[in-house]
Amino acid sequence: MQLIFEKSVEGRRGFENPRSDVDLIAEIPVEYRREKDCPFPEVSELDVVRHFTALSQRNFSVDTHFYPLGSCTMKYNPKFTETVAAVEGFANLHPLLPQLKQGEKLVQGALEVLYHMESLLCEITGMDRFTMQPLAGAHGELTGVMMMAAYHKAKGNKKKYIIVPDSAHGTNPATAAIVGYEIVSVNSDGNGVMDLNELKERITDETAGLMVTDPNTLGIFNSDVDKIAEMVHAVDGIMYYDGANLNAILGRCRPGDIGFDVMHINLHKTFSTPHGGGGPGSGPVGVNAKLVPYLPVSMVDRRDDGTYYLNYDYPESIGYLASFYGNFSILLRAYAYIVMAGGEGLKEVSNHAVLNANYIKDRLKERFHLAYDRICMHESVFSASKQADRGVHAVDISKYLIDQNIHPPTVYFPLSVKESIMIEPTETESKQTMDRFIEAMFNADELSRKQPEVFHGLPATTPVTRPDEVKAARDINTNYFQNT
Ligand SMILES: *Cc1c(COP(=O)(O)O)cnc(C)c1O
């Protein structure tokens with residue numbers, strides 16, 4: 001496929017701005033002026049539309065393909081939430097309006113959404129307050145761990161370590177390190193959950209806190225988590241819940257009731273917002289009373305007369321984590337989704353998420369090695385170890401699936417399982433879709449017995465086939481992709 005620059009024809013125009021009758025160039029000092037025009041492609045409107053439409057059709061997306069990506073899943077992205085986010089009264093609000101005395105009146109609806117959203121998230125998770133500011137899951141973790149640090153500082157605690165299990169998402173240890181803590185890792189036991197005896201040895205007076213995902217990235221729920229909370233609290237440590245994926249526990253249990261002090265939620269996973277390519281996301285952070293004083297400002301509070309306002313009066317706040325109030329349009333989508341589903345609807349979500357994941361797990365285990373053979377929650381982790389013995393690795397199976405019009409599952413994560421293939425079907429896929437996926441996986445297994453060498457040339461149907469990864473890393477400027 002040609003680059004848009006290669007489609008350029010001198011003098012061709014799709015759109016022209018009206019000439020300015022002010023000589024703006026004269027305002028720019030000579031030394032900063034361009035000597036030549038920018039080498040923009042010169043193309044017509046049709047050229048632009050066709051070019052980008054063609055590119056968009058080369059994408060894998062939830063709107064076009066089954067997407068069983070474990071952990072960082074695209075869950076359900078209903079279209080009605082797009083309509084809500086596009087409502088003019090929300091979409092065209094100026095973010096500085098609420099800062100003006102007269103402006104506050106004009107944004108009562110938006111503030112009410114933020115306020116009500118906060119109370120819904122508190123109800124769902126058992127936390128006392130939520131900030132909507134963080135712009136992603138990892139950003140939420142940063143916010144939470146900064147509050148943890150503020151708590152220890154205020155209490156004069158000398159803390160050095162944050163404990164994370166070996167199955168943790170990579171952002172957990174990365175966050176703890178950025179805030180300045182050292183990481184202590186705990187291995188999984190034979191059941192795929194944190195080894196309690198090892199944990200006991202790791203907890204000391206210098207433990208600042210523990211970060212866990214539960215169910216963890218193996219899709220396994222750790223039912224000792226309340227005991228773990230007691231052990232961590234005994235040294236005045238903080239329990240952090242990575243709630244990026246809440247679809248397994250919605251309406252079943254609440255991190256706040258189990259003993260967690262702080263958590264984030266990825267609205268762009270669990271609550272209907274599409275994501276990809278780095279954003280936009282939203283990672284609200286909830287805290288219990290212990291950490292409320294440290295929440296970022298501003299918070300949306302309500303006056304006795306029922307009006308809403310931005311409250312900056314949190315003297316111990318960790319400050320701003322993002323400009324304005326978070327990704328408001330993402331919050332709107334999630335809000336609309338939660339209100340539409342209601343309590344019973346959210347329970348249905350966890351019903352289906354867990355049922356679907358167990359269906360795939362039970363069927364695939366005939367042919368693929370299952371890392372931990374027990375009931376899973378929203379996802380399960382297989383290993384391609386049997387296929388690898390025939391020379392076909394997890395990455396080869398991924399490429400095979402692309403040719404079957406299926407987005408590959410997450411592979412090589414978690415690191416604690418070798419040749420791992422992590423599968424999350426999500427709550428909204430039908431049995432027919434899952435059966436088609438299972439059949440494709442069985443066919444991959446069959447092919448690995450008969451013609452393992454075929455895999456190394458896959459995918460065969462995509463515009464770019466398998467790159468030479470070594471060459472791509474060493475020699476980035478080659479024309480490697482241009483003729484494909
Ligand atoms: C996706 C995910 C994160 C990070 O969220 P981002 O929005 O990608 O920063 C953290 N933990 C878990 C378990 C996740 O699945």
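Let me start with a convention: rings of Phe, Tyr and Trp, the last taken by its six-membered ring, are paired if their centres lie within 6.5 Å, and planes under 30 degrees apart count as stacked, over 60 as edge-to-face and the rest as tilted. By this rule the count for our structure comes to 8 aromatic pairs.

Before I go through them, please keep in mind that this is a predicted model, in which local features need pLDDT of at least 70 and side-chain atom pairs count only at pLDDT 80 or more, while totals for chains, interfaces and linings use all residues. Residues are numbered from 1 along each chain as its sequence is written, and side-chain values use heavy atoms, with hydrogens and water left out.

One of the pairs is formed by F66 and F437, which are edge-to-face, with 5.4 Å from centre to centre and 65° between the planes. F66 sits in the loop between α1 (45–56) and α2 (80–85) and F437 in helix α14 (residues 431–450), so this pair ties together parts that are 371 residues apart in sequence; helices here are DSSP runs of H or I with at least four residues, strands are runs of E with at least two, and both are numbered from the N terminus. Both F66 and F437 are buried, where buried means under 20% relative accessible area, exposed means over 50%, and partly exposed is in between, with a 1.4 Å probe and protein chains only.

Now compare Y115 and Y308, whose ring centres are 5.1 Å apart with the planes at 55°, so that pair is tilted. Y115 belongs to helix α4 (residues 108–125) and Y308 to strand β9 (residues 308–311), so here the parts tied together are 193 residues apart in sequence. Y115 is partly exposed, at a relative accessible area of 27%, whereas Y308 is buried, at 8%. There is also an aromatic cluster, made up of Y76, F271 and Y337.

Let me turn to the ligand. Which residues are closest to it? Of the 15 residues that surround the ligand, the closest are G137, A138, D242, H268 and K269, and a residue is counted as near if one of its heavy atoms lies within 4 Å. A polar backbone atom of G137 is 2.8 Å from an oxygen atom of the ligand, a polar side-chain atom of H268 is 2.7 Å from a ligand oxygen, and a polar side-chain atom of K269 is 2.8 Å from a ligand oxygen. Taken alone, the ligand exposes 380 Å², of which the protein buries 88%, with areas from the Shrake-Rupley method and a 1.4 Å probe; for residues, only the protein chains shown count as cover.

The elements that give two or more residues to this shell are α5 (137–155) and α10 (267–270), and α5 gives the most, with 3 residues.

Finally, a buried polar site. N247 lies in the loop between β5 (238–243) and α9 (255–258) and is buried, with a relative accessible area of 0%. Its side chain makes polar contacts with the side chain of E424, at 2.8 Å, and with the side chain of E427, at 2.9 Å; a polar contact is a pair of N or O atoms within 3.5 Å, where within protein one must be able to donate a hydrogen and the other to accept it, and residues adjacent in sequence count only if both atoms are side-chain atoms.
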